[in-house]
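Visitor: I would like to know what the terms for this protein rest on. Please show me the model.

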Amino acid sequence: MRLDKFICKSTELTRTEAKKLLKTGVVQVNGEVVKDGAKQVHENNEITADGHCLTARESRYIMLHKPVDTICSNVDEIYPSVLHFIEVDKAFDLHIAGRLDADTTGLVLITDDGRWSHNIISPKKECNKVYRVWLRDNIATQAVEQFTQGVQLQGEKSLTKPAKLEIIDNTQVLLTITEGKYHQVKRMFAAIGNKVVGLHREQIGQVALGELPLGQWRYLTPEEVASFS
Ligand code: URA
């Protein structure tokens, strides 16, 4: 991780304060003064400030049941960031592993471990995401085959990867996808001439939202954390 981030994780300093500290020349990595916050460091490097050894805090892994009219961003826009729900120290130092639209509800994973979130969001990892979808029009039974084969999204070069569609009733389905393109689920149903009127993420990989109430959060269990490693 970056040296300035490591300093934040091992002290109470903000990123700006960590950069100021670095400029004063009191930070050493393996015995050498380093002033560049962008320098990559590892937990096993000896990192000191004013001669005191710095140790990074444990990484945090959290799930949130996202309500509508909130956004998966570290800054508020028209709607507030979901990070306002997470009542932990330095919540805005966390990041969101896989965004949901403002009008989508459901499971959001939040962490400060970039390597872990990479396993969730990297297209190469093909991590499963399960969505409950409510549709404007009755679902056509051939949609199951169409989504297995892949559909053409507007503006994309290739077809979507194979996706699993389970029909619950005429206008309610469960969709499992391994990609995370912009508005992917809404665009997939648009591609087959339907329209999403409600969207809720139930599961990412092995981790399910379960009975967590709307707007509530909890730490992941060690098993849930390890399931993405
Ligand atoms: N696909 C969408 O269209 N929206 C989301 O929020 C998530 C997946």
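Guide: The protein has six helices and 13 strands. This is a predicted model, in which local features need pLDDT of at least 70 and side-chain atom pairs count only at pLDDT 80 or more, while totals for chains, interfaces and linings use all residues. Residues are numbered from 1 along each chain as its sequence is written, and side-chain values use heavy atoms, with hydrogens and water left out.

Visitor: What makes a run a helix or a strand?

Guide: Both are DSSP runs, numbered from the N terminus: a helix is H or I with at least four residues, a strand is E with at least two. Strand β1, for instance, covers residues 27-29.

Visitor: How do you know that β1 and β3 pair?

Guide: Two strands pair if DSSP finds at least two bridges between them. Strands β1 and β3 (residues 47-49) have three bridges, in the antiparallel sense, so they meet the definition. Gln 28 has Thr 48 in β3 as its bridge partner.

Visitor: Why are β2 and β4 said to stand at the edges?

Guide: The open sheet has four strands in the order β2-β1-β3-β4, with antiparallel pairing. β2 (32-33) and β4 (52-53) each have a single partner strand, so one side of each is left without a neighbour in the sheet.

Visitor: What makes a set of residues a nonpolar core?

Guide: Its members are buried Ala, Val, Leu, Ile, Met, Phe, Trp, Tyr and Cys residues joined through side-chain atoms within 4.5 Å. Buried means under 20% relative accessible area, against over 50% for exposed and in between for partly exposed (1.4 Å probe, protein chains only). The largest nonpolar core has 32 residues, and Ile 86 is one of those with the most contacts inside it. This core draws at least three residues from each of domain 2 (60-122 + 210-229) and domain 3 (128-204); such bounds come from an automatic or database domain assignment.

Visitor: Which residues is Ile 86 in contact with, leaving aside its neighbours within four places in sequence?

Guide: Contact means heavy atoms within 4.5 Å. On that basis Ile 86 is in contact with Ile 62, Leu 64, Ala 91, Leu 94, Ile 110 and Trp 217.
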